[in-house]
Amino acid sequence: MKKKGNYSYSLAVPAVVIYTGLFVLPMILCFITAFTNWNIRDLYHFSFNGLENFVSIFSDQFFLLAIKNTLIFAVVTTVFKVAAGLMLALILTKPFKTRNILRSLLYMPAVLSTVVIGLVFTAFFEMGGMWDKILGLLGYSGNLIWLGNEKTALWCVIATEIWQWSGFTMMLFIAGLQGISRDYLEAAQIDGASSFQRFWKITVPLLAPSFTITIITNLIGGLKVFDKVYVLTNGGPGYATQVLGTYVYKSFSAGFLGKSSAMSLVLTVTVCIITLLINRQLVKREVEA
């Protein structure tokens, strides 16, 4: 039994080493350097400066704007991805011939490269591009630089995110819907329940685990967003689409290593607190359901 126990623990050693080296140690170093004046101009000499970095970033109006943009992005994309994913899942669990083809087509954006999507949607939203052509069919005659306008740039990035990941959310809901026994719905129908009553009183409560995983994964992805913003707008025009991920990258690229570590720590803590609180509430609803 002792050899078996040692053998079992030894199998975990490679995973623990990799996890420690790629996650735990960087997190510890990030926490330490967040309280230093470390910068690229004096790379090998730095000193601890207490909370100076945190005072600096929270007095920075552009950092506060990045927090605001990040929260807007995370909340709006999560709401629309979950709503669109649920609607598509309800449609594509109906028995018709082309549903598997449609599922594949709708899921396909989730496996595409962000760079490819960025190039496509940069052309899509450019002046006189496909989006202007579509609006022209609806009677809109003006041309606008959608990704170059402070009022529309962030919403274009949000729309691109929703387009890419709604199909992925749909697949999670399809898995949840397929796990619901038809007996519940058939019994409710025999008792005279309407389609909406069956959906609201039976389907939604039994989909509570699916709602938990979709909301949490989409929310985490929204709070950590970097690539889509970087490829489409690089945080511009000005700071209109700057989010925490791109602002940290910008500060790091400028050589403010201690300050960027402090920003990263704020981002990490924000993601952890928000997701843990929401996950706790959603899990409670699962138990009640």
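Helices here are DSSP runs of H or I with at least four residues, numbered from the N terminus. With that in hand, the surface is a handy place to start. Helix H4 (99–107) gives the most to a nonpolar patch, with four residues. The patch as a whole is made up of Met87, Ile91, Phe96, Ile101, Leu102, Leu105, Leu106, Met108, Val111, Leu112 and Trp163, and together they have about 980 Å² of accessible area. To be counted in a patch, residues need over 30% relative accessible area and no salt bridge; like charges are joined within 9 Å, and nonpolar side chains (Val, Leu, Ile, Met, Phe, Trp, Tyr) within 5 Å. The areas themselves come from the Shrake-Rupley method with a 1.4 Å probe, and for residues only the protein chains shown count as cover. H3 and H4 each supply at least two of the patch residues.

A word on the model itself: it is predicted, so local features need pLDDT of at least 70 and side-chain atom pairs count only at pLDDT 80 or more, while totals for chains, interfaces and linings use all residues. Residues are numbered from 1 along each chain as its sequence is written, and side-chain values use heavy atoms, leaving out hydrogens and water.

Met108 is described as partly exposed because its relative accessible area is 42%. The labels work like this: buried means under 20% relative accessible area, exposed means over 50%, and partly exposed is in between (1.4 Å probe, protein chains only).

At its start, a side-chain oxygen of Ser113 reaches to within 3.2 Å of the backbone nitrogen of Val115. The buried residues of H5 are Thr114, Ile117, Gly118 and Phe121. Seen down the helix axis, these buried residues fall within an arc of 100°, so they line one face of H5. The arc is that of the directions from the helix axis to the C-beta atoms.

In one of them, Lys81 pairs with Glu161, with the closest N and O atoms 3.1 Å apart. This pair links distant parts of the chain, with Lys81 in helix H3 and Glu161 in helix H7 (residues 153–178), 80 residues apart. Glu161 also forms a salt bridge with Lys228, and here the closest N and O atoms are 2.9 Å apart. Again distant parts of the chain are linked: Glu161 is in H7 and Lys228 in H11, 67 residues apart. Glu161 counts as buried because its relative accessibility is 6%, and Lys228 does so at 3%. Through shared partners, the salt bridges join Lys81, Glu161 and Lys228 into one network.

H3 (residues 61–91) also holds Gly85, which counts as buried at 0% relative accessibility. Leaving aside residues up to four places away in sequence, Gly85 touches Ser166, Thr169, Met170 and Phe173, where contact means heavy atoms within 4.5 Å. Leu207 lies in the loop between helix H9 (195–206) and helix H10 (208–223), and is buried, with a relative accessible area of 0%. Although Leu207 and Leu177 are 30 residues apart along the chain, their C-alpha atoms are separated by 7.0 Å.

Another loop residue, Gln242, is found between helix H11 (227–232) and helix H12 (244–253). Gln242 is buried, at a relative accessible area of 3%. Its side chain is joined to that of Thr246 by a polar contact of 2.7 Å. A polar contact is a pair of N or O atoms within 3.5 Å; within protein, one must be able to donate a hydrogen and the other to accept it, and residues adjacent in sequence count only if both atoms are side-chain atoms.

Methods: A salt bridge is a side-chain nitrogen of Lys or Arg within 4 Å of a carboxyl oxygen of Asp or Glu.
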